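User: I would like to go through this model with you, one topic at a time. Could you take my questions as they come?

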Amino acid sequence: MLRHVTISKFSKESGYTENAIRMKIKNGVWLEGVVWIKSPDGRVLIDTEGYEKWVAGQQVSALQQKAA
């Protein structure tokens with residue numbers, strides 16, 4: 001499985017709707033550089049490793065420090 005996937009592919013794999021994913025990004029629930037990134041062509045990609053850590057409840061501050 002790829003580490004970085006499109007919102008559409010992630011939606012199919014995770015069960016989250018595309019709208020729910022976009023809202024988590026917009027509302028800051030999923031942090032840029034931690035759970036999602038913007039590719040050089042401007043597409044938003046979900047980092048599956050970052051998502052797994054978020055699901056496991058890893059501290060947000062630890063994830064933010066990693067992204068910095």
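User: Which side chain does the side chain of S39 join in a polar contact?

Analyst: The side chains of S39 and D41 are joined by a polar contact of 2.3 Å. A polar contact is a pair of N or O atoms within 3.5 Å; within protein, one must be able to donate a hydrogen and the other to accept it, and residues adjacent in sequence count only if both atoms are side-chain atoms. Please note that this is a predicted model, in which local features need pLDDT of at least 70 and side-chain atom pairs count only at pLDDT 80 or more, while totals for chains, interfaces and linings use all residues. Residues are numbered from 1 along each chain as its sequence is written, and side-chain values use heavy atoms, with hydrogens and water left out.

User: Is S39 buried or exposed?

Analyst: S39 is buried, at 12% relative accessibility. Buried means under 20% relative accessible area, exposed over 50% and partly exposed in between, with a 1.4 Å probe and protein chains only.

User: And where is S39 found?

Analyst: S39 lies in the loop between β2 (36-38) and β3 (44-47). Helices (H or I, at least four residues) and strands (E, at least two) are DSSP runs, numbered from the N terminus.

User: Turning to α3, which of its residues are buried?

Analyst: In helix α3 (residues 48-55), the buried residues are T48, G50 and Y51. They line one face of the helix, because they fall within an arc of 155 degrees when seen down its axis. The arc is that of the directions from the helix axis to the C-beta atoms.

User: What do they pack against?

Analyst: The buried residues of α3 pack against β1 (4-6), α1 (7-14) and β3. Contact means heavy atoms within 4.5 Å.

User: What happens at the start of α3?

Analyst: There, a side-chain oxygen of D47 comes to within 2.9 Å of the backbone nitrogen of E49.

User: What follows α3?

Analyst: G57 follows α3, and its phi is positive, near 85 degrees.

User: Now W30: is it buried or exposed?

Analyst: W30 is buried, with a relative accessible area of 1%. It is placed in the loop between α2 and β2.

User: Which residues is W30 in contact with, leaving aside neighbours within four places in sequence?

Analyst: Its contacts are F10, Y16, I21, K24, I25, V35, W36, I46, Y51 and W54. W30 and I46 are 16 residues apart in sequence and 9.5 Å apart in space, C-alpha to C-alpha.
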